[in-house]
Amino acid sequence: MLKIGKDFIFEDDWSGRRSSLMYSKGDEDEPASWSIDIGFASGDFYGEEIMPSLCVNPIDTDKESSAELVGESFSVDSIDESCEREDSFYIYEHEPLVSYCVEVLAIENDRAHIRCGGILVVDGYADPYTTDTFEIDSWIPVIESAADWEKFGL
């Protein structure tokens, strides 16, 4: 579930593989990492139908399995850092996040309980651009290989 500001709520959407916690074990050249994509069902946003989504690109970790990610958190404190990492939130198009904190609360039955909140850019064309707060509380598939999608019928 996604809440933008005080008034807008969007339900999770797993269709088309839009949502996942991806875990990569890494190798001798790359460290282990995790990333998050969460897609939400379409809904009304100030009279327009939107289909929002969050993309948090790979975060290096010393964890040796996705199960060990429980309790992990990551935050970005500036729009510059978000731009550099290419993290984004999609409302009308992909925009960097002003700030956010994401946490893995639990992993059960190949699903991760994710909580994320912060400030997103609502309209990057406005001068100055407009922002709002957001909160996410979602259970999403844990994916370690392409074959994992089959567990979810995706």
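The protein chain carries 10 positive and 36 negative side chains, with the centres of the two sets 7 Å apart. This is a predicted model, where local features need pLDDT of at least 70, side-chain atom pairs count only at pLDDT 80 or more, and totals for chains, interfaces and linings use all residues. Residues are numbered from 1 along each chain as its sequence is written, and side-chain values use heavy atoms, leaving out hydrogens and water.

User: What makes a side chain positive or negative here?
Analyst: Lys and Arg count as positive, Asp and Glu as negative, while His and the chain ends are not counted. Each charge is placed at NZ of Lys, CZ of Arg, CG of Asp or CD of Glu.

User: What makes S11 and S12 a pair?
Analyst: Two strands (DSSP E runs of at least two residues, numbered from the N terminus) pair if DSSP finds at least two bridges between them. S11 (residues 97-108) and S12 (residues 111-123) have 10 bridges and run antiparallel, so they meet that definition. Glu108 stands opposite Arg111 in S12, and the hairpin has two residues between its strands, with Asn109 in the turn at a positive phi of about 50 degrees.

Key:
Helices (H or I, at least four residues) and strands (E, at least two) are DSSP runs, numbered from the N terminus.
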